[in-house]
Structures are given as C-alpha cells and as structure tokens.
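Work through the exercises below with the sequence and model open. Try each task before reading its solution.

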Amino acid sequence: MIRIGDVLVSKGEGNVYGERMLKGARVWDPFRSKLAALYYTGTGVELLPEMKVLYLGAANGTTVSHVADYTEVVYAVEFAPRPMQDMLEVARRRRNIVPIMADASRPELYAPLVEVVDLLYQDVAQPDQAAIAIRNCAFLRPGGHLILMLKTRSVDVRKLPAEVFRETVDALAAAGFAVQESVWLTPYHQDHAAIICTKPGGSP
Amino acid sequence: MRSYWFGDVVERGCIPSEGNTDARVRRVLSLRTTMDDFVPLDWEDAVACGICRDREEYLSILREVCFAVTELEIREQYAGKDVELLQMVRTLDEIDELINRLSDRVTEWHQVRNPSFSRKYRRTPAHVLVKNIARSNKGALGRVAVHVEEFSTARTELAKEVSNRANRVLPNTSALIGGLVAARLMSHAGGLLPLSRMPASAIQVLGARTALFAHLRTHSPSPKHGIIFQHRRVHNAPREVRGKVARALAGKLAIASRLDYFQGVPVPEFLDKAQARIDFLGRGGGEE
C-alpha cells in the first residue's frame, strides 16, 4: 500500500467525492472508508496491480475508486438504484471498474459476467453476511483472500456485537475458510469488524 | 455447456453469441445460471470465441455490456409509478415544515422590530401575517418573508399535483381517504409494494411511531390512528367511535392498497361497500 508519511493514499484521478489530495495522490480517509480503516489498524491484504477484485456492496463507489487505483479490475456489485447512479459515474471515469447491478446474495444473477478473482471484498448491510460470502466463494481462486466487513448492527441489533462477530467467524470457518485475522475497526467505525480469510488450496 | 455473457463454452471450443451490445444485454438478462458445479468464466475463452483479441478489449466490451444492463435496470427500478410520487409527497411535507418554521421565525423577528406589535386579540392567519411582514419590512426580513410566500404558492401547486398523481397511482386507496393522505401513507410505508404488504393494524398506526413504542414500552394506551387521522371521517367521528372507524378504515385500506398494486384500476364494487361500511360506523352504528 502506498503511504505518504502516515497517510494512506492511492494514485489516480482525483475529485471523485471531494477527497483531499496529497502530493498528487488521493488521500484515503479511514473515517469514510472501512477498507482504509482496516489498513490503518496495521493489517489488511496488500492490493497489487495485477489483482482482480470482486467488490460486493459497492455503494456510491467511494471505496471502489480507491481499490481500482491499486488493482487491475474491480467487479463492483451494488443492489440499490440510487447509489448505483453515482457508481456508474465513477466507473465511467475509471476504465477498470465493471459495474454490476445485482443482489449480492444471488450470485447466480451475475455469474455469467464475473471471472475468477484474487480478492473478494464484501461490505453489505445484510443480516446473513457470512452466507453471502460463502455463496460468492465460487468466484474466489484457491488461496485468494476474503475481506468481510461485518456490520454487527445490521446482523442483529439485539445481540452484542462481539457475539455476532464470533458467530460469523465460526460460520466462515465451518464453510472451509481459513480465518487469518479479525479486527475491530474502532476508533474509525463503531461496532464494525473486519474478518480476513483465505480460501484453502493453491498457492497463497 | 457453460453459458457466459459472450457465448457458450463447450467441450472443444466456444460458440459466440450474437455480436452487438443490445443482443448481449438481452442475453445477460435472460441467462439462468445455477451455482451448483458452477465454473467461473475464463476470459481467454472469449478470445477463443473470437469476441476480442486481448485482455484490454475483453474488459472494454464487458464494460460496455455491463453499463447498458445497469442503466436499463436503474430505469426499470425508477419506472414504478410510485417512485416519483414518493419524492413529491416527501418534498411537500418538507416544504410544510419549512413554511411553518420560517413564518414563526419571521413573526418573532418582526415583533422585535415593532415593539407595539402583538398577535393578541387578532385572528390573523399565519399566511396573511407573512404577507403583511413582506410588505412592511425592507431588507433581509422582507425578502425572507417574500420567499416564504412563494413557498406557500409552490406548496399549493405541489399539493394539487400530489393529489392528482395519487389518484392515478393509488386509485382505490385515494378513493377511500383522498389522494394526499393516501400518498402520505405510501411515503411512510416506503412505496406501494411495502404498503400493499402491510397488515391493516400496521396501516392504522402508520405515522404514530412515538405513541406506538410508548405503548409497547410502558402501559400507556395504544394509539388508535396515525396518518389516517388526517382523513375527515376519522377526525370528525365522535370520540367514542373514532377508534372503531379508524380500525375499519385501515382494514379497507389494506385491501385497497393490494388492489392498487395488483390491478391499478379503481374497483367500484369494493369501494361502494367499503365506503358504506365506514360511513355506517362513523354514524355510531355497528354491531361490534
């Protein structure tokens, strides 16, 4: 990852959402993007220029634009029409984003469009987040990484965040993922956790 | 055979689909894939298919198809007749709030400028007062008052439009409680589909959230009505039958919203009976 001093940045065309620029690079704010927050906690999966990424829950394309700065291609899946309008505008300016309007819990709808990817990134506000990741696992190459941003409050507000967290980690492990790391994103995001897994098999 | 957006991959080779964007869009929308034994596509199959020569061209064609599909789907999502009505009625309610707040503020300001001014013993309606303030004050105060007046005009116009649109989008619901209130119900439910899925008891207290949760948490009495109170047959009904009228009306509204969603045309045989029933209860009749 590229850092200027302590600041995480990405290199690409700026002014996507009014982000600050630093020496010609786009500042990637951990308070706005959960993925940036993950890198600020000192872990995360290194984004490489040859990487193919499947991004579930692309929303307005804010984080997507940063990921696209680092990687070869991003398949950006988003369900709601309103944020998708913004996403399309981002994708028009960045030649390596493939916009897909579909429900991430129904991968069969976009399966004919997506190739095998090196990184599966998931940031959806759904109650069954582990199940969605497992269903999309078919697109991930053996040895590839899954980064799951767990919005514990979207899963079940009545349960303690820690409990939701543990259940999700267990579900992923039971589905054959090797859970590498799991961190809370405080102080950047409340009650949000990141879980990093690898799909077994192949070279890491 | 494995089917992808660019064609069908068979044991030896690849059969390309029709080679223009429109045809590919139709293909993507019609493909039915299952995730059992699913094999993700390999972009080099597209080269074998003769779709493209290299990776760059592959992505560029794929993007073109995906943009077309996405734009089509956004348009379809917005084409629902209720989508614009939703924005209209929410705008209306926000303008209302804005007018109320600003006319209050402007009056307070005016009062400070004119120590002899008071609203006591005067029955000046708020909009007339704002008009007077607009005329008698120079500078920013007068100008703000003028804007409040203009918002009032826009509000009246918008209310008419909302009502007309609701009569078309929600013919049965509007026939029972009027276009404006019908549109508000729909806006609170989040759309016509969510409204049509609501049980009558939920429709009855839609918009009475505070009272409902106070009831669930403490022992306060349950709310009898939410938004539907705005309808004359509820708020004009004698106190002791108001709850009954609200319940019957909500029951009929639940049916009406389903008719609106699934048929979209007024159903007179239902409406006549429903109106008669609600009027009957409103007059204090009923065997319940």
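**Exercise 1. The sheet of chain B**

Which residue in β3(B) is the bridge partner of B:Asp8?

*Solution.* The model is predicted, so local features need pLDDT of at least 70, side-chain atom pairs count only at pLDDT 80 or more, and totals for chains, interfaces and linings use all residues. Residues are numbered from 1 along each chain as its sequence is written, while chains are lettered from A and ligands numbered from 1 in the order in which they are written.

Step 1. Find the strands. Strands are DSSP runs of E with at least two residues, helices are runs of H or I with at least four, and both are numbered from the N terminus. Strand β2 of chain B spans residues 7–10. Strand β3 of chain B spans residues 13–16.

Step 2. Check the pairing. Two strands pair if DSSP finds at least two bridges between them. β2(B) and β3(B) run antiparallel and are joined by 4 bridges. They form a hairpin with 2 residues between them.

Step 3. Read off the partner. B:Asp8 bridges to B:Ile15 in β3(B). B:Val9 has B:Cys14 as its bridge partner in β3(B).

Step 4. Look across to β1(B). Strand β1 (residues 2–4) of chain B is antiparallel to β2(B), with 3 bridges. Here B:Ser3 stands opposite B:Asp8. β1(B) and β2(B) also form a hairpin, with 2 residues between them.

**Exercise 2. Helix packing in chain B**

How does α4(B) lie against α6(B), and how against α5(B)?

*Solution.* Two packed helices are described by the angle between their axes and the distance between the axes. Axes are lines fitted to C-alpha atoms, for helices over the stretch in contact, and angles run from 0 to 180 degrees between N-to-C directions.

Step 1. Take α4(B) and α6(B). Their axes are 9 Å apart, at an angle of about 155 degrees. That makes α4(B) roughly antiparallel to α6(B). The cut-offs: under 35 degrees is roughly parallel, over 145 roughly antiparallel, 65 to 115 roughly perpendicular, the rest oblique.

Step 2. Assign the hand. The crossing of α4(B) and α6(B) is left-handed (the near helix is turned anticlockwise from the far one by less than a right angle; clockwise is right-handed).

Step 3. Classify the contact. It has 21 nonpolar, 4 polar and 6 charged residues. Ala, Val, Leu, Ile, Met, Phe, Trp, Tyr, Cys and Pro count as nonpolar, Asp, Glu, Lys and Arg as charged, and the others, Gly among them, as polar.

Step 4. Take α4(B) and helix α5 (residues 126–136) of chain B. The axes come within 10 Å and cross at roughly 50 degrees. That makes α4(B) oblique to α5(B). This crossing is left-handed.

Step 5. List the residues. B:Ser103, B:Val106, B:Thr107 and B:His110 in α4(B) meet B:Ala126, B:Leu129, B:Val130 and B:Ile133 in α5(B). They divide into 5 nonpolar, 3 polar and no charged. Contact requires C-beta atoms, placed from the backbone, within 7 Å.

**Exercise 3. Domains of chain B**

Which element gives the largest share of the side of domain 2 of chain B that touches domain 3 of chain B?

*Solution.* 

Step 1. Chain B is divided into domain 1 (2–79), domain 2 (81–169) and domain 3 (170–288), with bounds from an automatic or database domain assignment.

Step 2. Count the contact. Domain 2 of chain B gives 13 residues and domain 3 of chain B gives 12 residues.

Step 3. Find the suppliers. α4 (81–113) and α6 (139–169) of chain B each supply at least two residues of the domain 2 side. The largest share, 8 residues, comes from α6(B).

Methods
Two residues are in contact if their C-beta atoms, placed from the backbone, lie within 7 Å.
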